[in-house]
Amino acid sequence: MTTLPLLDIRDLTVEFSTRRGIVCAVERIDVSVGKGETLAIVGESGSGKSVTSYAVMRILDRAGCIAEGTITFSGIDLRAASESDMRNLRGREISMIFQNPRAALNPIRKVGHQIEDVLMQHAQAGSQDVTAKAIELLEQVRIARPRERYHAYPFELSGGMCQRIVIALALACRPQLLIADEPTTGLDVTTQKTVMELVVELTRQRGMSTILITHDLGLAATYCDRVTVMEKGHIVETATARAIFTAPEHAYTRRLMRATPRPGVSLRDLLPEDAIARPTAQVLPIAADKTPLLVVEKLVKEYPSQGASRSLANLFRRGPAPESETFRAVDGISFSIGRGESVGLVGESGCGKSTTSTMIMRLTDATSGLIQFDGADIGTIPAKSFARLAIRKRIQMVFQDATDSLNPRFTAARAIADPILRLGGIKGRNAVRARCEVLARQVGLPLDLLDRFPHQLSGGQKARVGIARAIALHPELMILDEPTAALDVSVQAVVLNLLQELKETLGMSYLFVSHDLNVVRLLCDRVLVMRAGRIVEQGPTNQVLHAPEADYTRELLAAIPHPTFEPESNHARSA
Amino acid sequence: MKRRDFLKSVTAVAAGTALPAPAIWSPAKAQSRQETLLFVTESGPNNFDIHGVGTNRPGYEVSWNCYDRLMSHGKKTLADGTESYDRDTFTPELAEEWTASDKSITFKLRKNATFHDGTAITAKDVKWSFDRAVTVGGFPTFQMKAGSLEKPEQFVVVDDHTFRVDFIRKDNLTIPDLAVIVPGIYHAQLIQKHANEKDPWGLEYTKNNIAGGGAYKVARWQPGSEVVYERNDAWKSGPLPKVRRIVWRIVPSSGNRRALIERGDADISFDLPNKDFAELRQIGKVRVASTPIGNGIWYLGLNCKNPPFNNVKLRQAIAYAIPYQKIMDAVMFGLANPMYGGKTNTASNLTWPQQHGYNTDIAKAKQLMAEAGFPNGLETTLSFDLGFGVIGEPLCVLVQESLNQIGIKTTINKIPGANWRNELLKKELPMIVNTFSGWLDYPEYFFFWSYHGQNAVFNTMSYQDKAMDAYIDAARTAAAENDSAAYDKNVRGFVNKAFAEVPRIPLFQPYLNVAMQKNISGYRYWFHRQLDYRSLAKA
Amino acid sequence: MSELAVPSGRPARGLMALLHHARYVLSENPVTAFAFGLFLLIITAAVFGPLIVPYDPYASNTAMALKPPSMAHWFGTDQLGRDIFSRVVVATQLDIFIAVASVVLVFLMGGLAGVAAGFFGGWTDRIVGRIADTIMAFPLFVLAMGIVAALGNTVENIILATAIVNFPLYARIARAEANVRREAGFVMAARLSGNGDGRIVLTQVLPNIMPIMVVQMSLTMGYAILNAAGLSFIGLGVRAPTAEWGIMVAEGAAFMVSGEWWIAFFPGAALMVSVFCFNLLGDGLRDIVDPQRRT
Amino acid sequence: MLRMILQRLMIAVPSLIGVVIVTFLLTRALPGDTAAYFAGPAATQEAIDQIRVKLGLDKPLIVQFGRYVQDLARGELGMSLTTGQPVATDIRTRLPASAELTLLGLIVSMVIAVPLGIFAATRPGSMVDHLCRVIATAGVSLPVFFTGLILVYVFYYLLGLAPAPLGRLDIFFSPPPQVTGFFLIDSLIAGDGDMFLASLKQLILPVLTLAIFSIAPIARMTRASMLAVLASDFIRTARASGLSPKTVIVTYAFRNAMLPVITTLGMVFSFLLGANVLVEKVFAWPGIGSYAVEALVASDFAPVQGFVLTMAVMYVVLNLLIDILYGVVDPRVRIEA
């Protein structure tokens with residue numbers, strides 16, 4: 001890195017005043033980005049990666065302040081710059097794109113106008129040609145029919161489309177530096193790929209420097225030149241992508257690399273080295289009885305398509321509702337799950353996998369089709385009255401967002417105890433408490449956390465409480481709706497191993513719903529690939545994931561960013 | 001609005017809302033301000049025609065000033081200098097002269113008198129108006145009957161300008177009854193044009209249109225907020241009034257009404273609470289005329305029909321337990337004639353109202369309570385009309401407190417105007433505070449409505465006593481034959497009985513108070529207790 | 001709420017956390033602290049008022065009528081010579097009772113109906129919605145007047161009138177909050193654990209809505225007293241001679257122009273202070289309860 | 001848009017029916033006996049019965065209700081016994097007076113409360129924030145009639161700045177030719193500057209009283225929604241793209257924050273119509289509120305029913321306007337409806 005760096009952060013410390021006094025989010029970090037270079041800042045939640053970028057842009061919220069250190073951007077000391085100078089820089093010299101694209105745009109203002117606002121603000125265009133410039137920008141970010149989409153509102157566009165608008169906003173004034181804060185989190189794998197390629201192409205084309213902030217190592221390695229790894233506000237390691245990937249030096253980086261699910265590695269490999277030695281618990285023999293536990297045939301779920309006017313129109317119309325009126329979320333799927341078997345259900349968002357799981361859990365009623373559990377037809381029992389039946393105990397579920405699935409007013413113990421009190425058949429406070437403590441131990445939750453409220457627990461701890469609640473009634477079938485999607489990579493590794501261990505010790509069968517093929521490959525024996533309400537392919541995991549028949553599956557596999565470095569020798573580490 | 005105030009408020013407005021330069025004060029407005037008289041009251045008329053259904057007292061005022069009657073009253077000056085109508089003298093109005101015999105009375109009408117629209121007034125209009133008064137029912141017919149004017153046959157058109165009323169019985173109230181508001185002269189043809197079979201007497205039309213020939217015409221009426229009168233310059237039935245234009249504004253808040261009169265924006269402020277009148281009189285910036293209301297008494301009525309107040313001794317005990325002086329000071333602020341504290345409980349003269357002998361004497365009251373058989377007291381309710389709450393409420397609170405001392409526990413019951421009359425009709429309220437005053441200021445007239453066994457609505461105590469009825473009837477016939485000896489014996493008879501058995505305990509005779517700017521003259525107190533614009537003048 | 005009586009040591013810490021949190025918000029927000037102090041003052045006046053009052057609030061003494069504030073009578077005397085200070089303090093009891101009772105009543109009526117409407121949707125939602133609309137169509141004060149005029153002006157009817165008038169506001173808020181939580185994860189989890197819908201609403205959804213309702217309740221307490229005062233002004237308030245701020249202000253209003261300002265001023269001031277305190281407390285509670293503010 | 005209007009009216013119909021029924025029952029439940037009241041002080045029992053028959057109050061409730069609905073269908077609101085006028089004319093003359101007062105009160109309180117709310121929201125926790133909150137809350141803590149009386153006492157009685165609380169116009173002005181019934185507008189149409197100034201002066205105190213009373217709810221709602229919007233993602237994007245504070249606060253934050261405020265406006269307007277009753281009593285304003293109160297106290301059914309129905313229709317129209325306004329501001333609603 002011979003030339004002067006575009007952005008040079010020295011000894012930066014950022015502090016926040018909170019209820020419990022001053023919290024140090026970032027402590028004496030050094031980051032620098034050369035002209036035209038793409039740097040990735042990788043770290044788990046709470047590592048301070050976003051705070052750094054906010055500090056650079058000086059848009060920390062009221063409670064935060066830059067305690068020490070300097071930030072120089074092509075010679076200008078950003079920390080000392082006046083607010084009006086900063087305002088000229090933001091958007092013209094440095095711009096930013098954010099995580100949740102649809103929320104990052106003004107909901108009640110046309111996207112075209114929002115782009116024009118930025119252009120006008122930084123005098124990039126006069127009032128006559130600003131519209132033309134805006135439309136030209138839309139073309140650059142490859143939005144189809146730009147003239148028409150100019151007048152669209154954010155809620156009318158898809159997630160990927162909104163992200164392209166945000167990118168257009170960021171690149172409107174040809175800035176020198178683009179900071180992308182988790183730009184593709186929450187987007188589908190396929191959209192994620194197109195968005196990242198667009199960012200890299202545009203920044204390369206204009207010789208811009210880019211900082212990509214992400215928790216996904218694979219993404220960082222694929223698209224960036226250098227990678228900086230942060231942990232709890234400190235920089236742990238900075239190296240070229242190849243060096244980080246092939247020969248991580250710092251223990252934390254290594255642990256992070258290991259925990260990232262990637263092809264050709266087993267579940268246990270994800271755990272840090274010291275954890276491997278744990279003795280595997282006594283494994284229950286797979287039940288001999290081969291009859292399938294759950295059989296699903298031609299399952300259909302229809303919703304009347306949206307719009308209040310629809311109901312109004314129904315009011316006045318005679319005759320049956322025409323076919324095209326309804327929207328089929330699940331369109332006649334059939335599969336079965338054997339005892340002790342774990343089946344993966346994979347598909348992008350909107351393909352109907354969550355709807356399927358809620359129907360099997362009998363939380364919602366199916367429009368038609370058979371759901372048979374252990375020989376009994378449970379599909380016909382209405383969801384409302386299913387809660388009181390004994391069979392309820394035998395099918396349980398772990399939810400995706402642990403925070404949302406725990407009652408904020410209940411302590412962890414009370415949440416776990418809820419099913420026991422209703423259907424567990426255990427009477428007496430102390431007995432129930434004892435049962436909770438057993439379950440806590442089983443899921444590796446420290447006992448003193450039992451009396452905390454959800455907002456006082458970390459992501460991983462909340463996931464464990466959810467799992468403890470699910471296994472409280474010894475269910476035979478457990479549906480896991482993307483249980484680790486919201487977790488950090490290292491925590492995800494531990495939770496997946498916990499789930500595998502529980503399945504084996506308690507002899508349960510799993511239906512594992514996910515959009516992440518790597519995670520499914522680690523845990524499931526068989527895989528179903530779903531698209532727009534239909535199963536496009538199903539079969540044993542390694543057969544589907546290595547030699548997929550359906551081209552949609554191939555497309556999914558290709559979209560997963562995992563760097564393929566030729567096995568060269570240890571590349572010289574760059575400064 | 002004096003010029004200085006106006007300019008000041010304009011600058012305030014300009015400063016406040018940055019308006020364009022303030023408009024220059026046009027001289028014409030100042031001059032019309034001088035010719036206009038503004039007076040403010042708490043509530044306004046709901047009907048211009050006294051014959052109408054449910055016309056309220058402000059409605060009477062409109063009828064009085066916009067319609068003529070055959071004759072009116074003369075005037076006399078009271079002790080404190082204010083003028084009052086003279087009960088015993090009658091002056092010509094529409095009728096120039098009249099001759100009365102014991103069978104009938106004949107009136108000679110003015111030749112040149114015209115209605116507001118210019119058509120001449122004839123005896124036919126008078127007859128039609130009188131027939132209307134006695135047949136339309138409700139209050140007007142009832143008031144005519146009080147003067148034995150009952151049947152259309154009594155009213156005879158002799159010729160265009162002579163009109164005769166035949167008596168059906170000897171009644172000295174007939175002549176005075178012809179001078180009250182009800183027998184006004186209506187424009188028969190005009191009203192019949194707007195009448196129909198469902199409403200033969202055109203009550204709907206006369207509700208908000210004047211069909212008469214009185215001294216004033218109504219120029220504009222916005223119910224509940226404003227009435228504007230213009231003078232009828234063609235008025236012949238008396239001296240032409242001096243004020244050309246009168247504006248009557250309804251201002252519900254008494255505090256504002258007082259502020260208006262004190263700051264000089266209102267010329268006359270009517271029906272203010274007594275306390276304001278007492279203080280205005282002391283301050284002396286405005287003139288306050290206070291005239292005792294003839295034949296008017298505030299009283300504590302006790303239900304003589306059902307127990308416990310059918311027991312005379314108990315009623316007398318209560319009569320001794322009333323905090324009279326406290327009421328005079330804290331409720332009436334001295335603006336009333338006390339009805340208590342007389343030397344004896346017998347009639348001192350033939351006038352009414354007059355003082356009875358009871359006064360606040362808790363010991364005597366307790367003793368009478370014991371004699372009446374209520375040693376440990378009783379529980380009852382004390383009700384008053386929300387419409388007269390300004391006097392009623394404090395009065396009840398004081399009475400409640402003092403009755404408490406002799407063991408009578410009372411809860412105060414505030415009844416809105418609407419169902420106050422309803423409750424009076426049912427005659428079940430055990431104890432009430434109420435007021436009554438008749439238009440015809442004769443004792444036998446007051447007793448005929450309030451104490452007589454016929455149990456009229458005003459006999460709120462439903463007190464029925466043969467001896468009392470005998471006295472009243474005898475007094476009325478004596479008055480008719482003006483046999484003064486019998487009249488004197490019977491009047492003293494029924495007054496003594498009223499004081500002895502005290503079915504209702506007279507408290508005080510209220511005053512009619514009016515506050516006026518110093519440049520207003522010609523105010524005259526009338527039996528109907530409303531304003532007569534015709535005698536007013538603005539210097 | 002929790003059938004699970006955890007050994008004594010543990011809940012104390014929960015309480016401590018709440019106190020700590022409350023102390024933090026109060027210190028950070030002086031206005032709410034001031035309002036809280038005021039609230040304590042009002043409560044003590046309501047509870048101990050009648051005992052510590054120098055004069056009998058109902059004893060009239062015409063000799064001492066309409067006296068300005070003096071050492072003998074701190075707030076002066078009214079038309080019948082009654083001590084205004086004693087009446088104002090004693091009136092606190094009645095006014096706070098009106099405020100609290102109407103707020104609790106409207107919560108039970110509006111709040112629960114709203115939660116049911118929001119959670120179950122369908123017909124309950126439509127019915128509650130129409131009732132709320134019908135009440136909303138009346139101008140609030142006129143409806144209160146109609147109810148009190150029709151049923152008689154007892155304290156109970158004033159409370160009922162205030163409750164009915166506020167029904168739509170509470171129903172709408174409760175419905176919105178319940179609707180949001182209808183599809184929440186913990187509701188589905190509760191169903192998985194075998195809870196019936198009724199139990200879920202009462203034990204799970206309602207506790208989560210309570211903070212927002214409490215904020216609204218404190219605001220409505222202020223409104224309830226104002227409503228009683230308004231009714232007294234047009235003659236439909238509480239019966240004489242009970243001491244109540246609203247009726248004392250209404251009576252005193254007539255005396256203001258004639259110079260006896262204190263008759264209306266002191267009850268008005270007491271009224272203002274208490275309504276002021278309830279509103280500020282409402283805002284303060286909102287800050288404590290508002291999740292975004294919980295740094 | 002038309003569909004949304006149709007749908008909104010569809011929903012309004014049941015509540016209107018509800019209003020008709022409730023008003024009928026409410027007025028019939030009034031304790032007073034109208035016949036007795038209007039038979040006059042000295043009426044005898046049979047006179048009262050005579051009037052009761054005349055007013056048709058003796059028939060069973062159902063028949064009365066039937067006749068009432070028939071009259072309603074014909075747009076016949078009946079006769080007011082307190083003012084002696086047909087209720088329809090009363091409402092036509094008095095409604096503009098109340099509407100002028102309430103609308104002006106709302107506009108003045110909006111002009112004060114919204115900036116107050118924004119100001120407080122952009123400086124949360126600062127002295128200014130607390131000050132705004134204290135001032136706004138003080139306004140709503142006083143009963144409206146008390147504020148009115150104090151204003152009259154101070155500005156009219158003591159200082160003589162404000163005009164006499166005599167109603168809508170000074171005594172020697174006759175009302176302008178009735179076009180909209182709003183004196184301010186009618187006087188402008190008539191081109192009479194004097195008249196405009198006089199009616200404006202009369203409006204100042206009552207409008208101020210109403211405004212003071214309604215600042216708190218609007219300010220509080222604006223502050224809360226501004227705080228929520230300022231914490232949202234798209235504001236962060238706007239700041240990050242260097243837009244000027246004015247654009248960020250006004251075009252981005254304020255327009256979004258106005259949505260919840262608009263919905264509370266409906267609530268505040270009907271809240272004000274109620275408080276209006278007391279202001280009309282204090283300022284002798286010939287509005288519809290005091291008209292209904294007098295009728296209610298006199299147990300005169302027709303005006304109360306007429307008044308409430310007008311209010312119900314106004315409420316429906318108001319909500320319709322609010323929805324349209326909401327649709328204008330927020331495209332999501334427009335498309336979806």
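**Legends to the close-up views**

**View 1. Domains of chain A.** Chain A is divided into domain 1 (1–93 + 178–260), domain 2 (99–174) and domain 3 (294–306 + 325–559), with bounds from an automatic or database domain assignment. The model is predicted: local features need pLDDT of at least 70, side-chain atom pairs count only at pLDDT 80 or more, and totals for chains, interfaces and linings use all residues. Residues are numbered from 1 along each chain as its sequence is written, while chains are lettered from A and ligands numbered from 1 in the order in which they are written.

**View 2. Where domain 1 of chain A meets domain 3 of chain A.** The C-alpha centres of these two domains are 35 Å apart. Contact, defined as C-beta atoms, placed from the backbone, within 7 Å, links 11 residues of domain 1 of chain A with 11 residues of domain 3 of chain A. On the domain 1 side, α7 (189–205) and α10 (251–259) of chain A each supply at least two residues; helices are DSSP runs of H or I, at least four residues, numbered from the N terminus.

**View 3. Where chain C meets chain D.** In this view, 38 residues of chain C are in contact with 41 residues of chain D. Several helices of chain C each supply at least two residues of its side, among them α2 (30–52), α8 (197–233) and α10 (262–289). The most comes from α10(C), with 9 residues.

**View 4. Burial in chain A.** Of the 575 residues of chain A, 43% count as buried, that is, 20 or more other C-beta atoms, placed from the backbone, lie within 10 Å of the residue's own.

Terms used. A residue is buried if 20 or more other C-beta atoms lie within 10 Å of its own, exposed if 12 or fewer, and partly exposed in between; C-beta atoms are placed from the backbone. Two residues are in contact if their C-beta atoms, placed from the backbone, lie within 7 Å.
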